[in-house]
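Student: Could you take me through one part of this model in close detail? I would like to see how its residues are placed and what they touch.

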Amino acid sequence: MADPQHRTVQILSQLEGVDQLSPSDEIATFEQVLSALTELLNAPEEQGPGVG
């Protein structure tokens with residue numbers, strides 16, 4: 001897994017311009033972001049939130 005800070009920046013960058021997408025692409029983007037955030041939250045302690 002990549003550095004959590006770097007991963008968070010990547011996730012947030014996915015949301016840029018999401019309001020310009022078609023409704024189905026917008027939903028797909030939100031699903032990808034939710035999945036990535038869930039992965040970060042469920043990471044082991046040494047990689048999860050609050051580390052660093």
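Tutor: Helix 2 has 19 residues and spans 27 Å from first to last C-alpha, close to the expected 27 Å at 1.5 Å a residue; the expected span is 1.5 Å times one less than the number of residues. Helices here are DSSP runs (H or I, at least four residues), numbered from the N terminus. This is a predicted model, in which local features need pLDDT of at least 70 and side-chain atom pairs count only at pLDDT 80 or more, while totals for chains, interfaces and linings use all residues. Residues are numbered from 1 along each chain as its sequence is written, and side-chain values use heavy atoms, leaving out hydrogens and water.

The buried residues of helix 2 are Thr29, Val33, Ala36 and Leu40 (buried means under 20% relative accessible area, exposed over 50%, partly exposed in between, with a 1.4 Å probe and protein chains only). They lie on the same side of helix 2, because they cover an arc of only 65 degrees around the axis, taken from the directions from the helix axis to the C-beta atoms. These buried residues pack against helix 1. On the other side of helix 2, the exposed residues are Pro23, Ser24, Ile27, Glu31, Leu34 and Leu41.

Now look at Thr29, buried at 11% relative accessible area. Leaving aside residues up to four places away in sequence, Thr29 touches Gln14, Val18 and Leu21, where contact means heavy atoms within 4.5 Å. Val18 sits in the loop between helix 1 (4-14) and helix 2, and is buried as well, at 9%. Val18 and Thr29 are 11 residues apart in sequence, with their C-alpha atoms 7.4 Å apart in space.

Definitions and conventions. Helices (H or I, at least four residues) and strands (E, at least two) are DSSP runs, numbered from the N terminus.
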